[in-house]
Amino acid sequence: MSYTHKPTVIETIAEKLHLIADLHAEGSGPATKSAAVDGAQVNCPPPDQWDNWVEYDSKSWPERKSKEYMLIPTACFNCEAGCGLLAYVDKESMTMRKLVGNPYHPASRGRNCAKGPATLNQIEDTDRVLYPVKRSGKRGGGKWDRVSWDSVLDDIAGRMRKAIQEGRNNEISYHVGRPGHEGFMEWVLRAWNVDGHNSHTNICSSGARFGYAIWEGLDRPSPDYTNAKFMLLVSAHLESGHYFNPHAQRIVEARMKGAKLAVLDPRLSNTASMSDYWMPSYPGSEPAVLLAMAKVIIDEGLYNRDYLENWVNWKEYLQQDYHGTPVTFEEFIEALKKEYSSYTPDFAEKESGVKAATIIEVARKIGEAGTNFATHVWRSASSGNLGGWEVSRTLHFLNVLTGSVGTPGGTSPSAWNKFHPDVHAKPKLQTFWNTLHLPDEYPLAHFEMSFLLPHFLKEGRGKLDVYFTRVFNPVWTYPDGFSWIEALEDESKIGLHAALTPTWSETAYFADYVLPMGHAAERHDIISYETHAGKWIAFRQPVLRVAHAKMGHPVEYTWQANAGEVWEEDEFWIELTWRIDPDGSLGIKQYCMSPYRPGEKITIEEYYRYIFERVPGLPETAAKEGISALEYMQKYGAFEVESNVYKVNERTLSEADLQGSSVQQETGLITKNGKSVGVQVKGANCTGFPTPSRKQELYSRTMVDWKWPEYRLPGYIKSHVHQEIMNRSKGEFVLVPTFRLPVLIHSRSGNAKWLAEIAHRNPVWINASDAKSLGFEDGDLIRVNTDIGFFINRAWVTEGIRPGVLACSHHIGRWRREQDPAANRWSTNRVQIRHEGSGKWKMRVEESIEPYESSDPDSSRIFWSDGGVHQNITFPVHPDPISGMHCWHQKVRIEKAHEEDRYGDVFVDTDRSHQIYKEWLAMTRPAPGPGGLRRPLWMNRPFRPDEKTYYL
Ligand code: SF4
């Protein structure tokens, strides 16, 4: 599909006045042609001109001076969506001029949010870390010396070699904030035989993931919005959240075709404001609302009998819970009616505040939409509440009831729409289980209990000899940041801390090494996510490295093309792994060998070449253009592996799969070598879902076996912030601290000037009626008391939040101390931190944001001074005893600020936070489970180790 821009009347006049280029004369000047691909109505030069694209230089105006560019695709790194970017490289200066959308990316289709183009700010940030530095003086003291990469690699590799030789493999840990390079770290960590993967997921999405996993073995939703007739979001996906740009464009497409949108959110988000039904539910009550909708669908016969009968383990439910009852579908429906009889719309209204009539109306619309019903929850209520995993479980219940799982316009499991690369080396599964990451108290924890690490270290459960943090900032992003500072400062707990980061952060201040890593256009990664009913792979590549090669000056390592000595992680890990085992005696080095040049170290190009040669359809598509698979990805930056992916559970097993298998007559389960491999449905041998029954598990035998029988069916758990424990007259509220501002990125937009200019404060949202009853005016300074301390912020009086609820965005309130490098000055307050002993910490803003002189003239034009308030650091940890998710919502007490309080003040007592950790720990029901297991074998575990390690 080609696209030619038709000049508007205004453009024609401007053209006649010679204010802009001649847009009519084809080929008579630069920038006269555009192209677009299917689904992407965006202007873009055609790819055959990307190596030599000419535009007038805007800075030379009114002179018409041509500039030559190379256009090189890469992928955004500013959220997980990995949207396509197209970098304009100025051939003369060999610098990036701008980054725009890449229309050849199947998910983002040429569109980006504000954070994509702002990658340029991050690259050009005058405060960025350009060289590796090592601390001198005490850890956290703020003194740094520049060192060579060689010395860094040798030092860390030597220390790791010693730990591995001494069997202290569990003392090596890699802690990831922003993931990105699909499959890479599994290869590296397994080569080391280290169970060292620790992720941020339990402060992010594992609550929602657990709710999905317990149904279908796969842990995220992939809605096919484009074809939906009705959409229900427990999120703000039109403006923020994971994959929100690819999702938002498809939600809008569906709306333009007449689909309706309902949103459950206590906050009038931009998403809620665009909806047909805004249901401002009290935080934590969402499962009550969703179960009431389920009840309406069941009672009114709006369910999809065919789907329920064939794809749900209802027979197991009847057999277990209704002994002696005939196992018929009619009995099943009767049992469901009985089970959910108390979840009336009136009950849900009492819990949530959402009108019963609205709940009934939305439920009926869902029933009408049938298989064209798309839903989504990522974090939001699932990550806010004790038992928040029941939010996704009850939301998915609606998809199951309507048979909209994996259908056009329905919601698929994530894995169906995500491509997994095949890497060149496959080390054996690690033979260690690291209980600092997955302790026995949390056998069902969906991801590592990363936010409890300081408490585990404090209790003496272990120590870390080498600790890598990778684009990860727990001091600021996690709850209980002062406990992190205490742990990071203690060299007896953490022997060496290397912070791999593209920018200075509150955590990097407490490292031994700060190792600069590239931003989006400065690194290699592979990305694939469940953005729609397809499957794609995208290539994040270092733009200047590619540009130098195109100009005939290839570099050996990416850092040679990047600014300063900014490395990329892939090359860092290969180099480090090589040096851990220089003579190959540890059996590690073998995994770093080139698959093309036996006995030699793999290069980064070879690593990706191997993967792309194995992407189904990619080599053939590339061959049509006379190029290799790697060259295709370098040229276009993305490839669609599969489109219109639906009903994968109905795909049939091959003859080879079936050989040696047997079928259980009663359940249809197909097993082979003691493991289930599929299920017979309507006479077909289907692959089904990766659950014990190979069906959707309404009834969870796993919950029964692992000591939680009361949650064997989707249900409602009263949250730790339930309204019955709030005394409003004393100023007690639930604080929702989880919402995102659309233009910010947790802790990595601090160096993006365009983004900081748009959003730089985070007041506390309070409903006008609550403000009035407490005597607060808009802008008043308030003290927000949490269970471990307080923060001082301003009130924002608004109707955009339901009464009884406060909200504060978590993106803002960045800081640096006097002794720290002057970094991220677009967004950081300079603070003083005082440790007053016995766990008492105080933070006070000494200097807010101010203009400053630098080589970027914009830094002297900063007009804002408010840097916001750091709230997360005042929250204790709240680990959900089942999913392991940190339950973010807080019961707080608000009052007028005290006389001594100043805006931005923070106080925390970490002794108290440790007590609260223990209170929540006491709620767990630890392993072992059946057979002495640490964890159910069938459930996914991040970075799965050898099966032998599963047994206590
Ligand atoms: S949605 Fe995410 S990946 Fe896409 S442009 Fe925005 S920040 Fe980048």
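So, this structure holds 56 aromatic pairs, where a pair means rings of Phe, Tyr and Trp (its six-membered ring) with centres within 6.5 Å, called stacked under 30 degrees between planes, edge-to-face over 60 and tilted for the rest. Quick caveat: this is a predicted model, with local features needing pLDDT of at least 70, side-chain atom pairs counting only at pLDDT 80 or more, and totals for chains, interfaces and linings using all residues. Residues are numbered from 1 along each chain as its sequence is written, and side-chain values use heavy atoms, leaving out hydrogens and water.

Okay, take Y340 and F397. Their ring centres sit 5.4 Å apart with the planes at 50°, so that pair is tilted. Y340 is in the loop between α11 (329–339) and α12 (345–352), F397 is in helix α15 (residues 389–402), and they are 57 residues apart; helices here are DSSP runs (H or I, at least four residues), strands are too (E, at least two), and both are numbered from the N terminus. Both Y340 and F397 are buried, meaning under 20% relative accessible area, with exposed over 50% and partly exposed in between (1.4 Å probe, protein chains only).

Next up, F875 and W888. This one is edge-to-face, 6.2 Å centre to centre and 75° between the planes. Both sit in the loop between β32 (840–847) and β33 (890–896), so the pair ties together parts 13 residues apart in sequence. F875 is buried at 0% relative accessible area, and W888 counts as buried at 6%.

And which residues do ring pairs link into a cluster? That would be W149, Y174, W192, F468, Y557, W567, F572 and W573.
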